[in-house]
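The following report covers helix geometry, helix packing and selected residues of one model. It is meant to be read beside the sequence and the coordinates.

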Amino acid sequence: AETHGALLEDAQLARRLLDAQITGALASYLPPTAPKSYASLAIRLLSAMALHGPLTEALVRSSCVAPLLGRLSISIDGSVGVQCATLLHNLADSPATRMRLLHAGALEVIIRVIVEPAASDGLKEHLLTALHSLAGVTEEGLAVPDLIGRFIAAKLPGTQRSGLSSLQILREK
């Protein structure tokens, strides 16, 4: 009962922070030009908020997604990149949030980092998990080409376009 009460309080606090539009302030610490330590703290706070399912859609609708993807695209060392990948995994918890993330360019960013030779192996593993979440197949252990095939075979043209763009990234590497 104590744990449930603490989670409820955390969810209420997260909702209040979201209502106070904290995501805009946190987004200013996420761009690639922001210091790594600030980005790490901002991502940790966003991740804590994303653990509360009803808030993920509001987080994805906020101004933090574009800078988050920008930070992920340069974070190949593993530390902040892993935090970004974990946050993307947590945000991709419903068809609506997955669609918004896809249209924001998450698939292409994930694929670019995965094919980057200098990216850490740990980061690539976390990105593969995020990619499964983005595809909505968290229980299946699919390889990257299979996942991209799922996006290409989707019914929505925007999702197909993201899949084809990702395939082009793979082809170029």
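Helix α9 (residues 121–135) has 15 residues, which at 1.5 Å a residue should span 21 Å, and its end C-alpha atoms are 21 Å apart, in agreement. The expected span of a helix is 1.5 Å times one less than its number of residues. Helices here (H or I, at least four residues) are DSSP runs, numbered from the N terminus.

This is a predicted model, in which local features need pLDDT of at least 70 and side-chain atom pairs count only at pLDDT 80 or more, while totals for chains, interfaces and linings use all residues. Residues are numbered from 1 along each chain as its sequence is written, and side-chain values use heavy atoms, with hydrogens and water left out.

The buried residues of α9 are L123, L127, A130, L131, H132, S133 and L134. Buried means under 20% relative accessible area, exposed over 50% and partly exposed in between (1.4 Å probe, protein chains only). The cover over these buried residues includes α5 (65–74), α6, α7 (95–104), α8 (106–114) and α10 (144–152). Just after α9, G136 takes a positive phi of about 75°.

## Helix pairs

Two packed helices are described by the angle between their axes and the distance between the axes. The axes are lines fitted to C-alpha atoms, for helices over the stretch in contact, and the angles run from 0 to 180 degrees between N-to-C directions.

| Helix pair | Axis angle | Axis distance |
|---|---|---|
| α3 and α6 | about 20° | 10 Å |
| α9 and α10 | roughly 25° | within 10 Å |
| α7 and α8 | about 65° | 5 Å |

Angles under 35 degrees count as roughly parallel, over 145 as roughly antiparallel, 65 to 115 as roughly perpendicular and the rest as oblique. The helices α9 and α10 are therefore roughly parallel to each other, and their crossing is left-handed. A crossing is left-handed if the near helix is turned anticlockwise from the far one by less than a right angle, and right-handed if clockwise. In this pair, L128, L131, H132, L134 and A135 of α9 meet V144, L147 and F151 of α10. By class, that contact of α9 with α10 has 7 nonpolar, 1 polar and no charged residues. Contact means heavy atoms within 4.5 Å. For the classes, Ala, Val, Leu, Ile, Met, Phe, Trp, Tyr, Cys and Pro count as nonpolar, Asp, Glu, Lys and Arg as charged, and the others, Gly among them, as polar.

The angle between α3 (residues 36–50) and α6 (residues 79–91) is about 20°, and α3 and α6 are therefore roughly parallel to each other. The crossing of α3 and α6 is also described as left-handed. On the α3 side the contact is made by K36, A39, S40, I43, R44, L46, S47 and A50, and on the α6 side by S79, V80, Q83, C84, L87, N90 and L91. The residues of this contact divide into 8 nonpolar, 5 polar and 2 charged.

For α7 and α8, the axes are 5 Å apart at an angle of about 65°. That makes α7 roughly perpendicular to α8. Here L101, L102 and A104 in α7 meet A106, L107 and E108 in α8. The contact of α7 with α8 has 5 nonpolar, no polar and 1 charged residues.

Helix α3 has 15 residues and reaches 20 Å from its first C-alpha to its last, close to the 21 Å expected. Its buried residues are A39, S40, A42, I43, L46, S47, M49 and A50.

## Selected residues

V144 is in helix α10 and is buried, with a relative accessible area of 15%. Apart from neighbours within four places in sequence, V144 is in contact with I111, I114, L128, L131 and L170.

P95 is found in helix α7 and is exposed, at 61% relative accessible area. P95 and L134 are 39 residues apart along the chain, and their C-alpha atoms are separated by 8.8 Å.

R61 lies in helix α4 (residues 56–61) and is exposed, at 53%. The C-alpha atoms of R61 and M49, 12 residues apart in sequence, are 14 Å apart in space.

Most residues other than glycine have a negative phi. Q21 is not a glycine, yet has a positive phi of about 60°. Q21 lies in the loop between α1 (2–19) and α2 (22–27), and at 62% relative accessibility Q21 counts as exposed.

How values were computed: Helices (H or I, at least four residues) and strands (E, at least two) are DSSP runs, numbered from the N terminus.
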